[in-house]
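Subject: A structure for you to explore

Hello,

Here is the structure I promised to pass on. Please open it beside this email, and then read on for what turned up in it.

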Amino acid sequence: MRRMALMALLLAPLLAAGDKTYSLKELLDPLEPDFTLSAYTWADWDGLDAATKLRAKGADPSAWEIPPADPETPEEKARREERERKAKADPPKDRVPGFRFDRRLELKRKAFEGLLGAASAPKLEGLIKQLKQIDRELDRFDKVLDESRETYAQVFEQVRKAQEAYSENYRKKHGTWPDTVPMSGSLLADYHQKSLRFQHLLASRQSELQFHDWLLGRVGELVSALSDAEAEKPLAALAAGMKDGDFAYRIRCAELLARLKGEKAKGLYEQSVAQEADPLVLAELIRLKAKWGGPGAFDLLAARLDDPAWPVRAAIVRELSRIPRKESVDLLVARLAKEDGRLKDDIAEALRALTGQNLEAEAEPWRIWWEKSRAGWAPPAERMKSDTPGEGQQAGVVYFYGIRTSSKRVVFCLDVSGSMEWSLAGQNEKGPPRLDKAKEQLLQALNTLPEDAQFAIVVYGTDVKTWKKSLEPASAKNKASARKYVEDLKPEGATNIFDALVTAMEIAAPPAKGREPGADTIFFMTDGQPTHGRVTDPHQILDEVTRRNRVLGVTLHTVGVSKDQNAAFLLNLAKRNGGRYVAFK
């Protein structure tokens with residue numbers, strides 16, 4: 001990355017990141033070149049075009065033209081077929097050919113063990129204090145990633161315009177479109193270089209996130225292995241971190257604290273739960289304690305189920321749904337009578353999963369059934385997941401493309417890309433435009449929002465736009481304004497899925513001085529694949545959105561319309577974020 005040139009592809013096998021001792025700051029630096037360059041493989045060189053190879057060797061291809069449609073030599077064909085055969089037989093673990101971010105992760109782990117040497121209390125105390133650097137380095141790295149994406153987009157646009165200009169001139173001269181388009185070697189080499197850099201930065205970021213998770217687990221193991229006397233200073237550093245003003249650092253400390261064992265660590269955890277004022281940090285403390293288990297985990301869930309902050313209650317409901325005990329059902333049935341909004345749906349879904357009963361999200365039916373069934377009840381062999389039964393629409397319930405929610409804080413995210421002017425069957429096929437159906441569904445949802453609800457609208461094509469920049473009350477005046485905004489929407493541009501999701505989640509994020517997220521439910525609708533934006537790889541979008549939402553706890557429902565939708569992506573996006581996916585083709 002930094003100080004990287006393509007010649008490094010040739011030098012990669014000579015580098016050995018594990019032979020050097022690194023500081024923690026270097027280990028946490030996503031742009032540290034040793035780990036990045038060591039992760040390249042020779043497959044990159046075979047995959048590069050001729051112009052890029054010339055540049056890597058120091059030649060100047062500025063005046064060199066790539067011949068249109070060069071036929072493959074027998075040797076080139078044999079190499080290509082061999083690469084394809086190997087890729088099919090043994091698919092690479094990474095998503096960027098020739099860049100092994102699993103090897104990069106391995107090198108970082110070895111370097112950390114080398115840095116640590118013999119674990120000691122002073123070393124671990126220092127490591128805990130420096131964990132604050134993780135998110136600072138990620139923020140810095142994200143700026144580099146954005147800059148790389150922008151330069152990549154610029155040169156991509158230059159290539160596109162050059163191709164269009166050549167094709168148009170050829171058509172005017174010959175009356176037909178060209179079979180191939182020659183391109184300046186300099187421009188094409190620049191395009192490939194910036195494309196490689198951007199894709200490798202994305203892969204490096206994925207590797208960083210995996211390294212951070214491993215690092216926290218390793219530090220937790222080492223601190224837990226200390227005696228109570230030895231652990232005193234590391235735990236003091238952790239206690240100070242839990243009171244730090246940096247939200248991201250407190251979350252890191254919560255992740256570490258929930259993993260620790262020992263009486264003193266248990267005491268610090270209980271103290272942190274009792275004193276934590278931010279519901280998002282508290283929810284994370286409780287979620288992680290339930291995840292890692294240990295004595296008192298279930299009792300903690302039971303004790304905090306009546307917490308005044310809904311993010312805490314939502315986290316507890318999710319964890320109780322994973323504990324198939326009569327006591328879990330007792331708690332959830334009792335709590336259902338006290339809840340309103342989205343948490344009613346969450347509790348009903350948890351009860352369905354635990355019991356196998358498909359009852360509606362109302363307290364009385366569940367109470368009656370449980371009184372009759374508790375004595376002889378046993379967990380079902382398979383967990384159940386279904387929508388609330390019943391025909392027709394219920395008062396206070398919002399429906400969007402058939403997905404229902406009782407939430408009163410909703411963000412609607414609507415695709416208005418150019419393909420939304422096509423019918424459901426496809427381009428040039430008969431039928432109403434997809435956007436007309438989407439407008440109809442959204443307008444119906446707005447009409448059913450109760451007066452005490454709040455909502456927001458995000459629309460996206462190439463660019464992302466919002467009706468308002470935050471949640472607004474569902475008053476008659478705001479509904480009328482939103483209806484006009486929706487009715488005036490026109491299809492245009494590409495499909496910027498990632499930035500649309502980020503915008504929706506920023507609306508859902510807690511206000512600067514607030515104590516609860518602005519929205520708890522997002523409806524996301526699209527008719528195609530991600531083709532524009534900061535990230536266009538579906539796997540990376542899925543990982544990043546899930547990571548961002550882990551603390552927020554927003555329910556994300558997805559809707560796919562058309563045969564061009566990426567069903568696997570939309571299904572997993574909903575599944576990983578507590579939502580439902582529906583498809584229309």
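This is a predicted model: local features need pLDDT of at least 70, side-chain atom pairs count only at pLDDT 80 or more; totals for chains, interfaces and linings use all residues.

Helices (H or I, at least four residues) and strands (E, at least two) are DSSP runs, numbered from the N terminus. Residues are numbered from 1 along each chain as its sequence is written.

Let's begin with one arginine. Arg434 belongs to helix 20 (residues 434-448). Is Arg434 buried or exposed? Buried means under 20% relative accessible area, exposed over 50%, and partly exposed in between (1.4 Å probe, protein chains only). Arg434 counts as buried because its relative accessibility is 4%. A polar atom of its side chain lies 2.8 Å from the backbone oxygen of Ser423; a polar contact is a pair of N or O atoms within 3.5 Å, and within protein one must be able to donate a hydrogen and the other to accept it, with residues adjacent in sequence counting only if both atoms are side-chain atoms. Beyond its neighbours within four places in sequence, Arg434 is in contact (heavy atoms within 4.5 Å) with residues including Trp422, Asp527 and Asp564.

Next comes helix 14 (residues 279-292). Eleven of its 14 residues are buried, so helix 14 is largely enclosed by the rest of the structure. Among those buried residues are Leu282, Glu284, Arg287 and Lys289. What do they pack against? Their partners are helix 12 (247-257), helix 13, helix 15 (297-304), helix 16 (310-320) and helix 23 (538-552). At the start of helix 14, a side-chain oxygen of Asp278 comes to within 2.9 Å of the backbone nitrogen of Leu280. Just after the helix, Gly293 has a positive phi of about 70°.

Helix 13 (residues 263-275) holds Val273, which is buried at 4% relative accessibility. Not counting residues up to four places away in sequence, Val273 touches Leu282, Leu285, Leu300 and Arg304. Val273 and Arg304 are 31 residues apart along the chain, and their C-alpha atoms are separated by 9.8 Å.

Now for the nonpolar cores. A nonpolar core is a set of buried Ala, Val, Leu, Ile, Met, Phe, Trp, Tyr and Cys residues joined through side-chain atoms within 4.5 Å. The largest one has 114 residues, of which Phe112, Leu215, Leu238, Val411 and Phe524 touch the most other members. Helix 10 (residues 185-225) gives the most to this core, with 13 residues. A second, separate core of 30 residues includes Val410, Leu435, Trp467 and Val582.

Last, the aromatic rings. Rings of Phe, Tyr and Trp (its six-membered ring) pair if their centres lie within 6.5 Å; planes under 30 degrees apart count as stacked, over 60 as edge-to-face and the rest as tilted. The structure holds 13 such aromatic pairs. Phe211 and Trp214 are stacked, because their ring centres are 6.0 Å apart and their planes are at 25°. Both of these residues are buried. Elsewhere, ring pairs link Phe400, Tyr401, Phe412, Phe523 and Phe584 into a cluster.

Enjoy exploring, and do write back with your questions!

Best wishes

How values were computed: Side-chain values use heavy atoms; hydrogens and water are left out.
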